[in-house]
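Subject: Structure handover

Hello,

Here is the structure for your files. My notes on what was found in it follow below.

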Amino acid sequence: MNYQVEEISDVDAFISLEKEWNAFLVAAPVNAPFLRHEWFRVWWKAFGGGKRLAILTVRSGDGRLAAIVPFMEERGFRVGIPCRIWTSMSNDHSSRFDFIMGEASDEARARIVEALAAFLSRRIPRVHLLELQDFPVDSPA
């Protein structure tokens, strides 16, 4: 199956995803309060200042959600090198971050992650670094 990745950086577009996001989360293998749309909306309002939304949605060929990855972009330095950093929308107040993925086989999950990697590798301007905080070892992703 082919998957399409879309980057959402507009706050209104993010807000319009709420109903679909939460319905998708309810059916996902990991359904936690810190993955709900409301949590990320409030979190963004409190902690997103000076950063840019970079939420990735992955959809199957028929347009259904297959995954949501809530990132944000910031510019910074790592080891003295200027870079574009995509970080998880999480911090010490979140307790958890994860890719939100639907029920899928190992093969489908691998293809979803491959689609995400391909998107990031082709993206202009380039993302230099991904930083994931509180990403669980046992995540389906």
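**Salt bridges and charged residues**

D62 is exposed, with a relative accessible area of 52%; exposed means over 50% relative accessible area, buried under 20%, and partly exposed in between (1.4 Å probe, protein chains only). This is a predicted model, in which local features need pLDDT of at least 70 and side-chain atom pairs count only at pLDDT 80 or more, while totals for chains, interfaces and linings use all residues. Residues are numbered from 1 along each chain as its sequence is written, and side-chain values use heavy atoms, with hydrogens and water left out.

D62 forms a salt bridge with R64, with 2.9 Å between the closest N and O atoms. A salt bridge here is a side-chain nitrogen of Lys or Arg within 4 Å of a carboxyl oxygen of Asp or Glu. R64 is exposed as well, at 55%. The whole structure holds 12 salt bridges.

Another salt bridge joins R59 and E20 (2.8 Å, N to O). R59 is in strand β2 and E20 in helix α2, so this pair ties together parts 39 residues apart in sequence. Helices (H or I, at least four residues) and strands (E, at least two) are DSSP runs, numbered from the N terminus. R59 is buried, at 19%, whereas E20 is partly exposed, at 33%.

R84 and E73 also meet in a salt bridge (3.2 Å, N to O), and both residues are buried. The two belong to a salt-bridge network that links E7, R52, E73, R84 and R123.

**Nonpolar cores**

A nonpolar core is a set of buried Ala, Val, Leu, Ile, Met, Phe, Trp, Tyr and Cys residues joined through side-chain atoms within 4.5 Å. The largest has 20 residues, of which L56, V58, W86, I112 and L116 touch the most other members. Helix α4 (106–122) gives the most to this core, with 6 residues. Neighbours within four places in sequence aside, L116 is in contact (heavy atoms within 4.5 Å) with V5, L56, V58, V69 and F99. A second, separate core of 18 residues includes I8, F14, F40 and W44.

**Helix α3**

Which residues of α3 (37–47) are buried? They are H37, F40, W43 and W44. These cover an arc of only 130 degrees around the axis, which puts them on the same side of α3; the arc is that of the directions from the helix axis to the C-beta atoms. The face turned away from this buried side carries the exposed residues K45 and A46.

Regards
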